[in-house]
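Me: Please take a close look at the salt bridges here, and then follow the parts of the chain that surround them. I would like one connected account, with the cut-offs spelled out.

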Amino acid sequence: MTKRLYAKNCETDSDYARFAKFYIAESYQFDRQLSLLETIGHLMTTLQDSRFMLYENAQGELAAYLQYRYESDGETVFIESAILAEPYRSSWIFYRGFGDWVRKVENEHRGVRLVRFYVLANQTYLNRLYAKFAKYVGEREGGTGREVVYETAFADLWAYLKAGERK
């Protein structure tokens with residue numbers, strides 16, 4: 001049986017509470033040394049300016065999220081963070097969920113031309129995955145270590161994800 005996740009907008013206080021609980025429980029995926037205080041601090045500093053797409057399983061349990069914000073230039077969307085629970089990690093779920101988010105951004109903010117995000121440099125698997133659809137533009141020192149900066153044209157990401165749906 002193929003696992004499936006269903007995209008849901010994060011709109012109500014209950015949605016935000018579910019997100020925060022999931023984020024705190026799964027934040028070890030960013031860095032196993034990340035403390036609860038650092039995790040809550042990150043939430044507090046990014047929550048107000050961010051938007052969220054939640055992904056639930058068939059039982060309505062939260063299994064993933066994508067946190068993002070629109071930059072002041074109006075043409076860049078920045079992915080702040082994303083987590084996909086381990087039981088749901090597969091190429092098909094990745095392509096489908098990322099595609100749901102791209103459609104949401106396209107409907108929400110038509111002026112987006114560029115997608116930018118960071119990933120920890122020591123996350124080998126994620127760096128290989130993201131290099132398939134985004135270009136390396138540099139590195140920076142992040143809150144939990146060295147981060148690789150990626151970006152891609154919104155149209156190119158959309159084309160990549162459509163190609164992935166046919167795999």
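Reply: A search of the whole structure finds 11 salt bridges, a salt bridge being a side-chain nitrogen of Lys or Arg within 4 Å of a carboxyl oxygen of Asp or Glu. The model is a predicted one, in which local features need pLDDT of at least 70 and side-chain atom pairs count only at pLDDT 80 or more, while totals for chains, interfaces and linings use all residues. Residues are numbered from 1 along each chain as its sequence is written, and side-chain values use heavy atoms, with hydrogens and water left out.

One of these contacts joins Glu108 to Arg51, with the closest N and O atoms 3.6 Å apart. The pair connects distant parts of the chain, since Glu108 belongs to helix α3 and Arg51 to strand β2, 57 residues apart; helices (H or I, at least four residues) and strands (E, at least two) are DSSP runs, numbered from the N terminus. Glu108 counts as partly exposed because its relative accessibility is 30%, and Arg51 counts as partly exposed because its value is 39% (buried is under 20% relative accessible area, exposed over 50%, partly exposed in between, with a 1.4 Å probe and protein chains only). The contact is also part of a network of salt bridges that links Arg51, Lys104 and Glu108.

On the helix side, α3 covers residues 91–108, and its 18 residues reach 25 Å from the first C-alpha to the last. Lys104, a member of the network, is among the buried residues of α3, which also include Phe94, Phe98, Trp101 and Val105.

On the strand side, β2 (residues 51–56) pairs with β3 in the antiparallel sense over six bridges, where two strands pair if DSSP finds at least two bridges between them. Within this pairing, Leu54 has Tyr65 in β3 as its bridge partner, and Glu56 stands opposite Leu62 in β3. The two strands form a hairpin with five residues between them, and Gly60 in the turn has a positive phi of about 85°.

Strand β3 (residues 62–70) is mostly covered, with eight of its nine residues buried. Its pairing with β4 (residues 76–84) is likewise antiparallel, over seven bridges, and Tyr70 is placed opposite Val77 in β4. A hairpin with five residues between the strands is formed by β3 and β4, and in that turn Gly74 has a positive phi of about 75°. Another salt bridge joins Arg69 to Glu71, with the closest N and O atoms 3.3 Å apart. Arg69 counts as partly exposed because its relative accessibility is 25%, and Glu71 is partly exposed because its relative accessible area is 25%.

Technical notes. Expected span 1.5 Å × (residues − 1).
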